[in-house]
Amino acid sequence: MNTENLPKKIAIFPLSNAVVFPKTVLPLNIFEERYIQLINDCMKGTKLFGMVQPKVRTNLKPEVYTVGCLGKITSFNETKDKRFLITLSGIIRFRIKEESTTIKMYREFNVDYSDFLQDLNILKIDNNKFDTNGLLNKVKIFLEKKSYSIEIKELKKLNIDQLISTLSMISPFSVEEKQKLIETVETEYRYKALEEIINFNLMDTNRYKTIQ
């Protein structure tokens, strides 16, 4: 997709602890009536909508973070109980400018992509500049402490940019930690942010274990 085809106004699906990154995929189970409407409308058009995290979970119209990611529905199935099981493929991150008035049940926002245009490119990255094995060893320890299973061999096949995005999505980080990762642009800084978050979580987990 080129910049000319990027929609300036998009439907938004706010979901806590769920982020999608460019060049990754996110499976979603859609069951709320307003988001059933969102998916129905998307399937009739470009199949595009944005994922963003809300700052609170309890409000029906919560304040949302200003950075999210535009995605395209690449698989769609309807269940017998009228839920939608979809796969969303991430395209490019965006920054919210303002909310748009709509009669739809779901929310729409005017967005700007200019800070994240490199998301549309295939990045040439020297993986040797990054300690991938060291990072994955820490990730394995952290996820095992959280009782998460992970295929390290599969993760080793990814380039560093894909690896950072995938770990950011699948790891049990906080909303704030996931938001920090999706807002960080350059691969080098994203790597450092991810490493800091994992180091902090390992330290916090060890502290908790000691207290117990």
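Residues are numbered from 1 along each chain as its sequence is written, and side-chain values use heavy atoms, with hydrogens and water left out. Because the model is predicted, local features need pLDDT of at least 70 and side-chain atom pairs count only at pLDDT 80 or more, while totals for chains, interfaces and linings use all residues.

Colleague: In which element is confidence lowest, and in which is it highest?
Modeller: The scale here is pLDDT, the predictor's confidence in each residue, from 0 to 100. The protein averages a pLDDT of 91, and 94% of the residues score at least 70. Where pLDDT is low, the predicted coordinates should not be read in detail. Taking helices (H or I, at least four residues) and strands (E, at least two) as DSSP runs numbered from the N terminus, the lowest mean, 79, belongs to helix H6 (residues 187-211), and the highest, 98, to S3.

Colleague: Which residue stands opposite Ile12 in S3?
Modeller: Strands count as paired if DSSP finds at least two bridges between them. Strand S1 (residues 9-14) is joined by four bridges to strand S6 (residues 107-112), and the two run antiparallel, with Lys9 opposite Asn110 in S6. With strand S3 (residues 48-52), S1 pairs in the parallel sense over three bridges, and there the residue opposite Ile12 is Gly50.

Colleague: How many residues of S1 are buried?
Modeller: The classes rest on relative accessible area, computed with a 1.4 Å probe on protein chains only: buried means under 20%, exposed over 50%, and partly exposed in between. By that division S1 is mostly covered, and of its six residues the number buried is five.

Colleague: Why is the pair of Phe76 and Phe84 called tilted?
Modeller: Rings of Phe, Tyr and Trp (its six-membered ring) pair if their centres lie within 6.5 Å, and planes under 30 degrees apart count as stacked, over 60 as edge-to-face and the rest as tilted. By this rule the count comes to four aromatic pairs. The rings of Phe76 and Phe84 have centres 4.8 Å apart, and the pair is tilted because the angle between their planes is 55 degrees.

Colleague: How far apart in sequence are the parts tied together by Phe142 and Phe173?
Modeller: Phe142 and Phe173 form a stacked aromatic pair, at 5.8 Å centre to centre and 15 degrees between the planes, and both residues are buried. Phe142 lies in helix H2, whereas Phe173 lies in the loop between helix H4 (160-170) and helix H5 (175-183), so the pair ties together parts whose separation in sequence is 31 residues.

Colleague: What distance does H2 reach from its first C-alpha to its last?
Modeller: The expected span of a helix is 1.5 Å times one less than its number of residues. For H2, which has 14 residues, the expected value is 20 Å, and the reach in the model is close to it, at 20 Å.
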